[in-house]
Amino acid sequence: MNFKKIVRLVHRWLGLTSGLVVFIVSVTGCLYVFQDETKDATEPWRKIEVQHKPVILPSRLSQIAQKVHPDLQIGRIVYVSKDRAAIIFLVGKGQFYTVHINPYTGVVLHDQNLRKDFFTIVQFIHIYLLLPAPIGKMVVGVSVFIFLALLMTGVCIWWPKRKTQIKRALTIRLNGKWRRVNYDLHSVLGVYACVIAFIVAFTGLSISYDWLKKGVNQAVNLGSKYASEEKIPAVKTVSLLDTSKLLDHSFLESVKRSPNSDMFLIAPVPKGSAILHITVYEKALFYYRSDRYYFDANNGALIKELAHRDKSNGLKLNEMSYDLHTGQILGTTGKIIAFMSSLVCATLPVTGFLFWRGKRRDKRKASAKTI
């Protein structure tokens with residue numbers, strides 16, 4: 001066997017092994033790319049009129065949301081932007097809700113069960129295939145790693161022997177027989193989309209796997225370590241500050257330190273911890289540029305600040321992963337590119353399977369004639 005035959009064999013069986021999962025992940029990725037735009041068009045409670053007065057403090061928002069679901073616990077509190085409703089996440093007893101509140105008036109605009117939300121379901125299919133999280137994550141992760149290998153082997157198979165053949169190899173001959181068209185759709189579209197598809201797939205994996213995220217960080221930073229980024233000061237639980245006071249004080253301090261930022265995400269204090277974490281994003285619904293603040297839950301003191309400008313290039317690239325994954329780092333243009341790339345990725349297992357089945361039929365017919 002020469003090199004290309006081995007590559008074809010590897011490509012074929014890797015594709016047959018992972019094709020169904022790649023198809024599902026790609027289709028759900030297409031659906032999810034424009035989720036914010038779709039929700040803005042179909043969920044009027046997301047947008048509000050800007051009022052020139054201070055927003056309601058997080059302790060009050062928590063109280064309002066708790067009245068809607070008194071049996072659930074407050075999770076994240078998100079001030080999305082000046083023209084958007086604040087979102088309070090509530091969890092417990094296997095339930096997952098969001099309460100949308102006007103941050104200027106305290107009026108409850110909408111109560112949403114995320115287990116019945118279309119895009120939440122799409123997201124869980126995309127990440128876990130609706131399987132138990134550990135199993136689903138492993139199946140999707142392995143399949144996406146295989147997909148990266150398929151992209152590389154696919155380019156190797158496609159690569160023309162001569163430079164004069166490149167133009168022909170990049171052309172889909174629609175006037176040929178359907179099997180020829182199918183092969184061109186598989187190989188040519190795969191080549192056109194391979195770079196973007198690789199970025200989308202790789203960033204998806206780096207979001208899911210901490211070890212890959214650390215590897216990217218070290219590679220981009222050329223092995224240099226930035227202890228100040230990774231280390232969070234140890235804080236012992238002595239006498240925790242009243243939750244309302246802690247939330248309000250920490251939020252106001254974060255606003256003071258990042259006055260030009262748009263979105264504020266307040267994470268709940270984890271069990272067994274004495275640290276409140278607030279992430280401040282420069283632009284609503286974009287996750288690349290952010291400042292982080294860590295507060296001592298015993299007294300509200302700021303114990304660590306990590307501004308975007310002070311982050312290493314490795315950490316900045318990792319924090320860019322979601323915006324790269326969805327294409328939104330380039331705005332609407334980037335989302336269209338990500339959508340089209342995901343759509344092509346969804347067709348590759350289909351056209352590849354049809355090509356394999358056709359070749360298999362030909363072999364059977366040839367064997368039957370020989371007999």
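Let me start with α1 and α4, which are roughly antiparallel to each other, since angles over 145 degrees count as roughly antiparallel. Helix α4 covers residues 118-128, and α1 and α4 pack at an angle of about 150°, with their axes 9 Å apart; the axes are lines fitted to C-alpha atoms over the stretch in contact, and the angles run from 0 to 180 degrees between N-to-C directions. The helices themselves are DSSP runs (H or I, at least four residues), numbered from the N terminus. This is a predicted model, in which local features need pLDDT of at least 70 and side-chain atom pairs count only at pLDDT 80 or more, while totals for chains, interfaces and linings use all residues. Residues are numbered from 1 along each chain as its sequence is written, and side-chain values use heavy atoms, with hydrogens and water left out.

The crossing of α1 and α4 is left-handed, meaning that the near helix is turned anticlockwise from the far one by less than a right angle. Contact means heavy atoms within 4.5 Å, and on that basis Ile24, Val25, Thr28, Gly29, Leu31 and Tyr32 in α1 meet Phe118, Phe119, Val122, Gln123, Ile125 and His126 in α4. These residues divide into 8 nonpolar, 4 polar and no charged, where Ala, Val, Leu, Ile, Met, Phe, Trp, Tyr, Cys and Pro count as nonpolar, Asp, Glu, Lys and Arg as charged, and the others, Gly among them, as polar.

Turning to α5 and α7, their axes come within 9 Å and cross at roughly 150°, which makes α5 roughly antiparallel to α7, and this crossing is left-handed. The residues of the contact of α5 with α7 divide into 14 nonpolar, 3 polar and 1 charged.

Finally, the second largest pocket holds about 1,000 Å³ of space, a volume being the space filled by probe spheres set on grid points that are joined across faces, edges and corners. A pocket, on a 1 Å grid over the protein atoms alone, is an open set of points where a 1.4 Å probe fits, with protein on both sides within 12 Å along at least five of seven lines, and lining residues have an atom within 4 Å of a point. Its lining has 35 residues, of which His11, Arg12, His186, Gly352 and Phe355 lie nearest the centre of the pocket. Which element gives the most to the lining of this pocket? That is α1, with 11 residues.

Technical notes. Helices (H or I, at least four residues) and strands (E, at least two) are DSSP runs, numbered from the N terminus. Angles under 35 degrees count as roughly parallel, over 145 as roughly antiparallel, 65 to 115 as roughly perpendicular and the rest as oblique.
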